[in-house]
Amino acid sequence: MRDAKVLSALVRRRYREGASIAVVARELGVSKTTVQRHIPAQERCDAAAAARQRHQNRAGQPSEKALRAQVVRLYRSGMPQQRVAATLKISVQAVTARLDPSQRRSRKEAARLAVQRQGELLPRDEIIARYVRGATVIELGRVYQVHPSTIRRRIPDDLIRPRGRTPQPRTRPRWMLADEEIRRRYQAGESSYALARAFGVSPHTIRARIPDTDWRGRPARKAPPPPSRPPQPRTTRSRMRLPISDEEILARYRSGQSASAIAREIGVDCRTILRRIPEGERRTHLQARQLNRPAPGIDAESIRALRARGLTWAAIAAETGLSVKTVRARV
């Protein structure tokens, strides 16, 4: 009983000092449920209030004051928060929590300090020497992994070259080719495509350096020879002889027979029959369709009259010689 009272007093004292339930349980070697049972309900506070209380209690400790002083000193020296955290082996959130809002730098100032620190690490003399030898600002930026404007600020204004006049050192320009070597290798059996790949040029450039007498490719096109005699005018071909005369074809066409039916009877092409018919008498597609309609005398009125007599669609189709579909479509 005495031990229970002592444990309860220790739990209440540590909890009032700001320690969390988990910390008190770990310190006293009991469970968190036991700690909660010994703390009165009216004294229990939420997690946020407990965290604030712990922070206030911790701020007064000597170790916390020393850590805060180190954070402020390193941050004021120009270090970013990430570097301060890595130096002191704490988290970035811990560094931010130990800095007052008035002590924190703005984004613009942080970016300026970052550029300044990065520039201090660059070898200025080496950059100038490389630039004078012909390297561009963009190439130096890729080498030192910075923006070209950072390289530009390290170079004096009197050494800056005008835009578009940057020398491009090449060990072997493409236009300086060894013509004799090309001809010798081509005569040895290499193709123009292989030589173009070897010299880094197009096959047309290789072709221009090989004499026409040594060229193994297709000869150049020659102009067509002039005609030996002037072209003769085309004579009209004689018309095909048909078994029936043009007058009979026209009479059949006028009677209502189609050109396709006439051609099928004679055994010729339909266009041959149409050429025998004057342009003014040729029927249009719609006229031909109406004229070649099967059973033109069977209209909608006739079909309705047959239906009124009691005939079915099949019976009407059998009587008129049409299909059931055609009979229904006409109605």
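Contact here means heavy atoms within 4.5 Å. Helices (H or I, at least four residues) are DSSP runs, numbered from the N terminus. This is a predicted model: local features need pLDDT of at least 70, side-chain atom pairs count only at pLDDT 80 or more, and totals for chains, interfaces and linings use all residues. Residues are numbered from 1 along each chain as its sequence is written, and side-chain values use heavy atoms, with hydrogens and water left out.

Two packed helices are described by the angle between their axes and the distance between the axes. Axes are lines fitted to C-alpha atoms over the stretch in contact, and angles run from 0 to 180 degrees between N-to-C directions.

| Helix pair | Crossing angle | Axis distance |
|---|---|---|
| α5 (residues 62-76) and α6 (residues 81-88) | roughly 135° | within 10 Å |
| α19 (residues 300-308) and α20 (residues 313-320) | about 125° | 10 Å |

The angle of roughly 135° makes α5 oblique to α6 (under 35 degrees is roughly parallel, over 145 roughly antiparallel, 65 to 115 roughly perpendicular and the rest oblique). α5 passes α6 in a right-handed crossing (the near helix is turned clockwise from the far one by less than a right angle). From α5, Leu67, Gln70, Val71, Leu74 and Tyr75 meet Gln81, Val84, Thr87 and Leu88 of α6. By class, this contact of α5 with α6 has six nonpolar, three polar and no charged residues (Ala, Val, Leu, Ile, Met, Phe, Trp, Tyr, Cys and Pro count as nonpolar, Asp, Glu, Lys and Arg as charged, and the others, Gly among them, as polar).

The angle of about 125° makes α19 oblique to α20. The crossing of α19 past α20 is right-handed. Ile303, Leu306 and Arg307 in α19 meet Trp313, Ile316, Glu319 and Thr320 in α20. The contact of α19 with α20 has four nonpolar, one polar and two charged residues.

Technical notes: Helix = DSSP H or I, 4+ residues; strand = E, 2+ residues; numbered from the N terminus.
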